[in-house]
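Please look at the model below before reading on, and keep it in view while you read.

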Amino acid sequence: LKTKTIASSERLMSGTDSFRFFKGWILSGGVKRLEDFLKNNNIPYYMVTEKPSRADDVPIVFENKKPIEPFEVVTDLYGKPNYYEPDPTPWLAPFFAAFFGICMADALYGLIISAAGIFGLSKLKSASARKFMKLVLYCGASTTIFGVLVGGYFGNIIDRFGIFSPLVPFKNRLMVFDPLKNSIVFLGGCLTLGLVQTLLGSGIKFFTDIKNSSWRDALIGDLPTIGIQLVFPLIVMNGVFGVKLLPMNALLAALAIFSVLLMINQWIVSDGIVLKLFQMFFSVYGAITSNALSDVLSYSRLFALGLSTSLLAIVLNEIAALGFSIPYVGYILGTAVIILFHPFILAIGSLGAYVHTSRLQYLEFFNKFFQGGGREMRPLAFERKYTGL
């Protein structure tokens, strides 16, 4: 229980002049600490504990390790998981950080974002604000790493201006590939990451159903969906692009088997002959067009944002170069363009990266398994706003 003041909690208690009785939720690891507190303060008590049942509206508490805690901000913006499903935060954390870095992919922008996160941590005191600033710091670090890998430093500022030419060999040594020259590889990598995350989401749904003893949903609902997510991209690669990882006949046979299992599941769970027939075919259609196609293709936005941020910075550098070419006042104009407009690109790029990275988590990842509806546990405690202990 959590109340704004101890006085307001009296509404939740009952008893006589001699004793007080109340019940509430407690973390499984907190029972021993509560007993020790009562004993150490010589408070007579009688305590009964029991595990929650399916009929109970059980509150939830995030229990993530320190490096994962900042990503709870992302989960909280969508909603809290209920007691009977897993917390998605540890699963989305590496993807969120990586996707943000891919969308920005500029080492100097990343250092600025990281500096903003560190500054926020030094000035802000509330737990929620500090959690968000840690998320900013992580996103900045990811942006810096991906920027180094693709050779992005305020776009192409090192290559474009001779004053930075001593840094070119160092930049090239650390650079893994150029997304502008190898755009197909860049796009393929983004789609592969999308396939991995969507498969992870379906896998979480499968193991959650197993844990909750929903065997039918797991075996002829979740497992065939995962199979279609794996097989259909291979069919496309084989038939359209000629990449023959497995024989086409084997892939088509596997697709047919998985489709039949999905149809059987829909026949069992749907009511009425018309609805049964509709859901049988719609389930297969949805697994192919949504899970295996549109959800994965949505990750192409990483490719688009990554290129657009880089291209905007390159165009800005070209405008600055034109300014430098003007006699007398050129250095002032060119420098002013760089100082004034790179922060603008950083701001709009960061906003776009955050929004679209969050969108991928909410619409392409969460929709595979997340039910939500959980409520936060509110412990019995004083809530201090202007004072502290």
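The sections below go from the basis of the model to its cores, its helix pairs and its loops.

## Basis of the description

This is a predicted model, in which local features need pLDDT of at least 70 and side-chain atom pairs count only at pLDDT 80 or more, while totals for chains, interfaces and linings use all residues. Residues are numbered from 1 along each chain as its sequence is written, and side-chain values use heavy atoms, with hydrogens and water left out.

## The nonpolar cores

A nonpolar core is a set of buried Ala, Val, Leu, Ile, Met, Phe, Trp, Tyr and Cys residues joined through side-chain atoms within 4.5 Å, where buried means under 20% relative accessible area, exposed over 50% and partly exposed in between, with a 1.4 Å probe and protein chains only. The largest such core has 51 residues, and those with the most contacts inside it are Phe96, Leu135 and Leu302. Two or more residues are given to this core by each of α2 (72–78), α3, α4, α5, α6 (157–160), α8, α12 (300–324) and α13 (330–365), and the largest share, 10 residues, comes from α3.

Contact means heavy atoms within 4.5 Å. Leaving out residues up to four places away in sequence, Leu135 touches Pro70, Phe71, Val73, Val74, Phe96 and Tyr354. A second, separate core has 13 residues, among them Val231, Leu255, Met263 and Met280.

Two packed helices are described by the angle between their axes and by the distance between the axes. The axes are lines fitted to C-alpha atoms, for helices over the stretch in contact, and the angles run from 0 to 180 degrees between N-to-C directions. Angles under 35 degrees count as roughly parallel, over 145 as roughly antiparallel, 65 to 115 as roughly perpendicular, and the rest as oblique.

The axes of α4 and α5 (residues 127–150) come within 7 Å and cross at roughly 160°, and the two helices are therefore roughly antiparallel to each other. The residues of α4 that meet α5 include Ala107, Gly110 and Leu121. By class, this contact has 12 nonpolar, eight polar and two charged residues, where Ala, Val, Leu, Ile, Met, Phe, Trp, Tyr, Cys and Pro count as nonpolar, Asp, Glu, Lys and Arg as charged, and the others, Gly among them, as polar.

## Helices α8 and α11, and Asp295

α8 and α11 pack at an angle of about 130°, with their axes 9 Å apart, and that makes α8 oblique to α11. In this pair, Leu191, Leu195, Thr198 and Ser202 in α8 meet Asn291, Asp295, Val296 and Leu297 in α11. The contact of α8 with α11 has four nonpolar, three polar and one charged residues.

Asp295 has its place in α11 (residues 273–297), and it is buried, with a relative accessible area of 5%. Apart from its neighbours within four places in sequence, Asp295 is in contact with Thr198, Ser290, Glu364, Asn367 and Lys368.

## Two loop residues with positive phi

Ala105 lies in the loop between α3 (89–104) and α4 (107–123), and it has a positive phi of about 50° although it is not a glycine. Its relative accessibility is 13%, so Ala105 counts as buried.

Ser213 is found in the loop between α8 (183–211) and α9 (215–239), and it has a positive phi of about 60° although it is not a glycine. Ser213 is partly exposed, with a relative accessible area of 47%.

Technical notes
Helix = DSSP H or I, 4+ residues; strand = E, 2+ residues; numbered from the N terminus.
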